[in-house]
Amino acid sequence: MQNFKDLIVWKKAHENVLHIYNRSNAFPKEEQFGITSQLRRAATSIPTNIAEGSGKSTKKDFANFSQTALGSSQEVEYLSLLCMELGYLNKEDYYKINSFNNEVEAMLISLIKKV
């Protein structure tokens, strides 16, 4: 068991969640319960699963939660692309979200292999 706040991957994922929440505030109101909610939930799932997995007693459990976080990062990747193509995100914000997300994905893959 380890403190999730000490994990660099958690910090990056958390920072991306904050950025996504900030940017998605400007999404159309009719998307509040649609794509806005879906993108936020997927993004939040990443650091949440890292945090939950770090509190488990076995490495296998931690790896499983990290795998779930990785799946959520794929969801964020698609949803952010969709938001850009719909005009809800500008290219700069999309690239920033995607860049953070790619870093988190690489870290998660490395973490899963290590654990």
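Predicted model: local features only at pLDDT ≥ 70, side-chain atom pairs only at ≥ 80, totals over all residues.
Trainee: What does leucine 108 contact, leaving aside its neighbours within four places in sequence?

Mentor: With those neighbours left aside, leucine 108 is in contact with Val9, Ile46, Ile50, Ser66, Ala69 and Leu70.

Trainee: Why is valine 17 called buried?

Mentor: The relative accessible area of valine 17 is 9%. The cut-off for a buried residue is under 20%, so valine 17 qualifies as buried. This residue lies in helix α1. Not counting residues up to four places away in sequence, valine 17 touches Ala43, Thr44 and Pro47. The C-alpha atoms of valine 17 and isoleucine 46 are separated by 8.7 Å, although these two residues are 29 residues apart along the chain.

Trainee: How do you know that α1 and α2 are roughly antiparallel?

Mentor: The two helices pack at an angle of about 165°, with their axes 9 Å apart. Angles over 145 degrees count as roughly antiparallel, and α1 and α2 are therefore roughly antiparallel to each other. Their crossing is left-handed.

Trainee: Which residues of α1 and α2 meet?

Mentor: On the α1 side, the residues are Val9, Trp10, Ala13, His14, Val17, Ile20, Tyr21 and Ser24. They meet Thr36, Leu39, Arg40, Ala43, Thr44, Ile46, Pro47, Ile50 and Ala51 in α2. By class, the residues of this contact divide into twelve nonpolar, four polar and one charged.

Trainee: What makes glycine 53 a buried residue?

Mentor: Glycine 53 has a relative accessible area of 0%. That value falls under the 20% cut-off, and glycine 53 is therefore buried. Glycine 53 is found in helix α2. Leaving aside neighbours within four places in sequence, glycine 53 is in contact with Phe62 and Phe65. Glycine 53 and phenylalanine 4 are 49 residues apart in sequence, while their C-alpha atoms are 8.6 Å apart in space.

Trainee: Why is α2 described as roughly antiparallel to α3?

Mentor: The axes of α2 and α3 come within 8 Å and cross at roughly 160°. Since this angle is over 145 degrees, α2 is roughly antiparallel to α3. In passing α3, α2 makes a left-handed crossing. The contact of α2 with α3 has 14 nonpolar, nine polar and two charged residues.

Trainee: How do you know that α3 and α4 are roughly antiparallel?

Mentor: The axes of these helices come within 9 Å and cross at roughly 160°. This angle is over the cut-off of 145 degrees, and α3 and α4 are therefore roughly antiparallel to each other. The crossing of α3 and α4 is left-handed. Residues in their contact comprise 13 nonpolar, eight polar and three charged.

How values were computed:
Residues numbered from 1 in each chain as written. Heavy atoms only, no water. Contact = heavy atoms within 4.5 Å. Axes fitted to C-alpha atoms, helices over the stretch in contact; angles between N-to-C directions. Helix = DSSP H or I, 4+ residues; strand = E, 2+ residues; numbered from the N terminus. Parallel < 35°, antiparallel > 145°, perpendicular 65-115°, else oblique. Left-handed = near helix turned anticlockwise from the far one by under 90°. Nonpolar A, V, L, I, M, F, W, Y, C, P; charged D, E, K, R; others polar. Buried < 20%, exposed > 50% of the residue type's maximum accessible area, 1.4 Å probe, protein only.
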